[in-house]
Amino acid sequence: MATTSEYGVLGVRDLDFTLDRRPPAADLADLIERHWLVSWELPPGRTASVTLLPHPCVNLVLDGGRLAISGVGRDRFTYAYRDTGRVFGVKFRPGAFLPFLGTALSEITGSVLPAERLWGPPASALAARLTATARVEELIALVEEFLRERWPPYDPQVEYVGRIVATLLHDRTISRVDDVAERFDIGPRTLQRLFARYVGVSPKWVLRRYRLHEAAALLAQEQHRPWAEAAVDLGYSDQSHFIRDFTAAIGITPAGYAAACRRREAPVTV
């Protein structure tokens, strides 16, 4: 079952890049959500940018010949690109990178670490091989071989956390952390500690982020739909709460976002 949404890319005015998502091999799917490749080819001298609202996931990212471990990002961020290039990544399921890291994910939240810090010189060798590889299928094969050789022992807590995260993503009746605690018969404080260790952010943050991904997508795709109606559909009973959350995460009010999408002059979600 999916533990992250397909949303999260904001601020796209035109499709200057291609996003290719691929599933992992079946034997790796317990810990890996998907592989992804962003590529672009711009005219000489032209620059573009894309703004992303991150998922509660760790990514292994090859960018500019360097391999890095990107912890969960709390805030939206903008990536600028020009000329011709690509970025390749492995998105781990929420909570699933802890067995590789061996320490609480909260320690790398908001951080980007050289992969060599975890895996030493072999990470540099992998980066070189990936950089010299053209086809996405070969990129995936190389990184999966590397991860298989370093596959961690089974941790039942990863599966448990995954079930909780999937519930936050798919179950619209869940609107509060207390709902999650009751559903899984776990104390709220224990749940908070579990998420700090395995996910790197709180369950409230995950729930809010997934709902805001959906909200941005709804307002972009159904631009004339009243945003207050979308808020109710997403489980917000308090409109002021929705406005506050949306504006803080996206950087523009729901009404302003919908209007900008209609004009195609500002954020659109894909």
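**Close-up views of pockets and cores**

**View 1. The largest pocket holds about 980 Å³ of space.** This is a predicted model, in which local features need pLDDT of at least 70 and side-chain atom pairs count only at pLDDT 80 or more, while totals for chains, interfaces and linings use all residues. Residues are numbered from 1 along each chain as its sequence is written, and side-chain values use heavy atoms, leaving out hydrogens and water. A pocket is an open set of points on a 1 Å grid over the protein atoms alone, where a 1.4 Å probe fits, with protein on both sides within 12 Å along at least five of seven lines, and lining residues have an atom within 4 Å of a point; its volume is the space filled by probe spheres set on the points. Of the 38 lining residues, Trp-36, Leu-52, Asn-59, Val-61 and Phe-77 lie nearest the centre.

**View 2. The second largest pocket has a volume of about 380 Å³.** Among its 18 lining residues, Asp-30, Leu-31, Arg-93, Val-158 and Glu-159 are the closest to its centre. Helix H5 (residues 156-170), a DSSP run of H or I with at least four residues, gives the most to this lining, with five residues.

**View 3. The largest nonpolar core has 57 residues.** Such a core is a set of buried Ala, Val, Leu, Ile, Met, Phe, Trp, Tyr and Cys residues joined through side-chain atoms within 4.5 Å, where buried means under 20% relative accessible area with a 1.4 Å probe and protein chains only. Leu-60, Phe-97, Trp-119 and Leu-147 have the most contacts inside this core. Beyond its neighbours within four places in sequence, Leu-147 is in contact (heavy atoms within 4.5 Å) with Ile-32, Val-90, Phe-92, Phe-100 and Trp-119.

Terms used: Helices (H or I, at least four residues) and strands (E, at least two) are DSSP runs, numbered from the N terminus. Buried means under 20% relative accessible area, exposed over 50%, partly exposed in between (1.4 Å probe, protein chains only).
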